Amino acid sequence: MRTDNMTQKHDSSTILAPERARTKLPGMYKVILYNDDYTTMEFVIEVLQRFFAINNERAQQLMLQIHNEGSATCGIYTRDVAETKVVQVTEFAQQHGHPLRCAMEEI
C-alpha cells in the first residue's frame, strides 16, 4: 500500500467549502418634509395622507412637528422608493402652487 504525499493529497478544487451568500441589504433613506411660511397646514396633511399613507391623526401630528421643529421624517424607504416619493410630492406641491420642500437623506 502506497502512503506517500501523492495519494494523501486532495485536490482542493474539487472539494467546495460551503459558502454563505452574503447579500448586502439595500441602503435605506428617510423622506423629509420641511416647513415653509407659505404651504398651508391642510395641504401638508393632504400630502402626508396621499403619498405616505398616513392616517389623519398621525398626519396632523407630523404636520405640527414640521411646523414647530422645521422638519419631520415621513417615512423610511429604499433609494428608488424614496426618490419616487420626493419627485411625486415636489411635483404635486408645484402643481398646487406650494413651495413645500421634500428631500431624502441616507440613514
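How do the axes of H2 and H3 cross, and within how many Å do they come? The views below go through that and the sheet beside it.

**View 1. The sheet is open, with 3 strands in the order S2-S1-S3.** This is a predicted model, where local features need pLDDT of at least 70, side-chain atom pairs count only at pLDDT 80 or more, and totals for chains, interfaces and linings use all residues. Residues are numbered from 1 along each chain as its sequence is written, and side-chain values use heavy atoms, with hydrogens and water left out. Strands (E, at least two residues) and helices (H or I, at least four) are DSSP runs numbered from the N terminus. Pairing, which takes at least two DSSP bridges between two strands, is antiparallel here. S2 (71-78) and S3 (101-106) sit at the edges, each pairing on one side only.

**View 2. S1 meets S3.** Strand S1 (residues 28-34) runs antiparallel to S3 over 6 bridges. Val31 faces Met104 of S3.

**View 3. H2 and H3 cross each other.** Their axes come within 9 Å and cross at roughly 125°; axes are lines fitted to C-alpha atoms, for helices over the stretch in contact, with angles from 0 to 180 degrees between N-to-C directions. That makes H2 oblique to H3 (under 35 degrees is roughly parallel, over 145 roughly antiparallel, 65 to 115 roughly perpendicular, the rest oblique). Residues in contact (heavy atoms within 4.5 Å) include Val44 and Leu48 of H2 and Leu62 and Ile66 of H3.

**View 4. H2 lies across S1 and S2.** Helix H2 (residues 41-52) runs at about 160° to S1. Helix H3 (residues 56-69) also touches S1 and S2, its direction making about 125° with that of S2.
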